[in-house]
Amino acid sequence: MDLTVFYKNNQIGKIIRDQDFIVPGRGAQTVELDAQVEAVSIITSIIDLASSIRSFKKIEFRIRGFVETDLGRIPVDFTKNIDL
């Protein structure tokens, strides 16, 4: 897996998994991922977020992309909402 992390259309990091794993048919598998985030980008993003936090009612985290497998491509579209 090779995912790119964006905040406000700017790349701020990557999430990488080089080891194989198996997801059983009609099942689920928890997988640990290594995250690499550029310090300058994340600090700028945190300052930006903190300065406007009063106007937030919720924060949405979204992961979109594809996972390439031996059998083909699997779409990923995960969204997590946090109400403040």
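Helices and strands here are DSSP runs, numbered from the N terminus. The model is predicted.

**Stop 1: the largest pocket**

Select Phe6, Tyr7, Glu60, Phe61 and Arg62. Of the 22 residues lining the largest pocket, these are the closest to its centre. The space here comes to about 920 Å³.

Now colour by element. Four of them each supply at least two lining residues: β1 (2-7), β2 (10-16), α1 (39-51) and β4 (58-69). Which element gives the most to this lining? Select β4: its contribution is seven residues.

Switch to colouring by residue class. The lining of the largest pocket shows 14 nonpolar residues, three polar and five charged.

**Stop 2: the second largest pocket**

Next, select Met1, Phe21, Val23, Val67 and Thr69. They lie nearest the centre of the second largest pocket, which has 25 lining residues. About 710 Å³ of space lies in this pocket.

**Stop 3: arginine 26**

Move to the loop between β2 and β3 (34-37), and pick out arginine 26 there. Check its backbone: phi is near 55°, a positive value in a residue other than glycine.

Is arginine 26 buried or exposed? Its relative accessibility is 93%. The cut-off for exposed is over 50%, so arginine 26 counts as exposed.

Terms used:
Residues numbered from 1 in each chain as written. Predicted model: local features only at pLDDT ≥ 70, side-chain atom pairs only at ≥ 80, totals over all residues. Heavy atoms only, no water. 1 Å grid on protein atoms, 1.4 Å probe; cavity = no way out; pocket = protein on both sides within 12 Å on 5 of 7 lines; lining within 4 Å. Points joined across faces, edges and corners; volume = space filled by probe spheres on them. Helix = DSSP H or I, 4+ residues; strand = E, 2+ residues; numbered from the N terminus. Nonpolar A, V, L, I, M, F, W, Y, C, P; charged D, E, K, R; others polar. Buried < 20%, exposed > 50% of the residue type's maximum accessible area, 1.4 Å probe, protein only.
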